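Biologist: Please show me the sequence and the fold. I will then ask about the strands, the core and a few single residues.

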Amino acid sequence: MAQGLSQQWETYESHHHQTWEKLYSRQRKNLKGKASDLFLTCLGKMQDSLTSNLVPRVDAMEEELHAATGWRLKVVPGLIPVQDFFELLAAKRFCTSTWVRQPHQLDYIEEPDMFHDTFGHIPPLLNRDFAAFMNRFGEIGVALLRAGHDDAVLGLQRLYWYVVEFGFLKNPEGEAKVLGAGIMSSFGETEHAWSRRFTLKQFELSRVMETSFRTDEIQQEYFVLNDLVQLRLELNGWFDQFDLSHG
Ligand SMILES: [Fe+2]
């Protein structure tokens with residue numbers, strides 16, 4: 001894993017800040033009435049660090065995150081190997097890139113940039129139940145990888161995809177709202193996911209783990225989750241079936 005990377009905040013140019021501001025303001029408005037209470041509450045708490053008008057400082061976001069749930073951030077160049085990713089989550093660390101997309105990439109980028117990694121992923125980590133799920137997910141991922149349970153690891157990756165990236169979560173009133181970072185950080189994905197809100201599938205762990213996904217086309221299936229604590233307990237129950245002695 002790349003060591004010691006840090007954000008070089010002074011090197012951002014005005015177009016980076018302008019792109020950030022456009023992304024933030026457009027999406028903040030777009031999410032009204034569509035994003036889960038959990039996400040909006042946490043995003044609101046981060047207004048001083050996950051700034052709307054300037055590319056945010058990783059250190060400031062980390063401070064706020066750490067005070068809330070004890071998590072820290074790690075700067076990475078981009079996508080990292082799955083083992084490294086699981087290990088970070090198991091150590092209560094989330095990774096973020098620090099590069100900001102170009103102005104012509106406002107609507108679509110192939111690889112997640114800082115807007116996706118921070119605006120999409122960090123706010124829910126200020127919620128204790130979400131953070132506890134992510135931490136346990138990482139611990140289980142590390143254990144299953146070490147023991148060579150590759151099929152189970154694939155199941156975990158699908159779980160991540162359909163919950164953390166593209167999941168819906170029910171609000172306390174029972175209404176399905178968007179939660180996943182892949183939706184949160186994309187204007188087009190939000191519009192698309194929201195248009196599918198009446199065709200959501202009820203989350204079932206075994207079903208999600210058997211549902212493949214594609215990263216190169218817009219989502220066709222979305223699952224709605226009732227409760228994050230319940231999800232963590234179900235994941236623990238699922239994990240209990242594995243023999244970890246043959247690594
Ligand atoms: Fe992501």
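**Strands, core and single residues**

Biologist: Which residue in strand 2 does Lys 74 stand opposite?

Modeller: Strands are DSSP runs of E with at least two residues; helices are runs of H or I with at least four; both are numbered from the N terminus. In strand 2, the residue opposite Lys 74 is Cys 95.

Biologist: What kind of model is this?

Modeller: Residues are numbered from 1 along each chain as its sequence is written. Local features need pLDDT of at least 70, side-chain atom pairs count only at pLDDT 80 or more, totals for chains, interfaces and linings use all residues, and the model itself is predicted.

Biologist: In which sense do strand 1 and strand 2 pair?

Modeller: Two strands pair if DSSP finds at least two bridges between them. Leu 73 stands opposite Phe 94 in strand 2. Strand 1 (residues 72-75) and strand 2 (residues 93-96) share 4 bridges, and their sense is parallel.

Biologist: Is the β-α-β crossover right-handed or left-handed?

Modeller: From strand 1 the chain goes through helix 4 (residues 82-90) to strand 2. View the strands pointing away: a clockwise path from the first strand over the helix to the second counts as right-handed. This crossover is right-handed.

Biologist: Phi of Lys 92 is a positive value; what is it near?

Modeller: Lys 92 sits in the loop between helix 4 and strand 2. Most residues other than glycine have a negative phi. In Lys 92, which is not glycine, phi is positive, near 55 degrees.

Biologist: What is the radius of gyration of the chain?

Modeller: The chain has 11 helices and 6 strands. The globule rule gives 18 Å for 247 residues, and the chain comes close to this, so it is as compact as a globular protein of that length. The rule is 2.2 Å times the number of residues to the power 0.38, and the radius is taken over C-alpha atoms. For this chain the radius is 17 Å.

Biologist: What share of the residues of the chain count as buried?

Modeller: A residue is buried if 20 or more other C-beta atoms lie within 10 Å of its own, exposed if 12 or fewer, and partly exposed in between, with C-beta atoms placed from the backbone. Of 247 residues, the buried share is 37%.

Biologist: In the largest nonpolar core, which residues touch the most other members?

Modeller: A nonpolar core joins buried Ala, Val, Leu, Ile, Met, Phe, Trp, Tyr and Cys residues through C-beta atoms within 7 Å. The largest such core has 61 residues. Those touching the most other members are Leu 125, Phe 168 and Met 184.

Biologist: Leaving aside neighbours within four places in sequence, what is Leu 125 in contact with?

Modeller: Contact means that two C-beta atoms, placed from the backbone, lie within 7 Å. With neighbours within four places left aside, the partners of Leu 125 are Leu 65, Thr 69, Trp 71, Phe 94, Phe 130, Ala 131 and Met 134.

Biologist: Which are the edge strands of the open sheet?

Modeller: 4 strands form this sheet in the order 4-3-6-5, with mixed pairing. Each edge strand pairs on one side only; the two are strand 4 (176-178) and strand 5 (201-202).

Biologist: What is the bridge partner of Lys 201 in strand 6?

Modeller: Strand 5 and strand 6 (residues 223-225) run parallel, joined by 2 bridges. The partner of Lys 201 is Phe 223.

Biologist: Within what arc do the buried residues of helix 9 fall?

Modeller: Helix 9 (residues 187-195) buries Glu 189, Thr 190 and Ala 193. They line one face of the helix, because down its axis they fall within an arc (of directions from the helix axis to the C-beta atoms) of 100 degrees.

Biologist: What do those buried residues pack against?

Modeller: The face of helix 9 turned away from its buried side carries the exposed Gly 188, Glu 191 and Ser 195. The buried residues of helix 9 pack against helix 1 (14-30), strand 4 and helix 8 (181-184).
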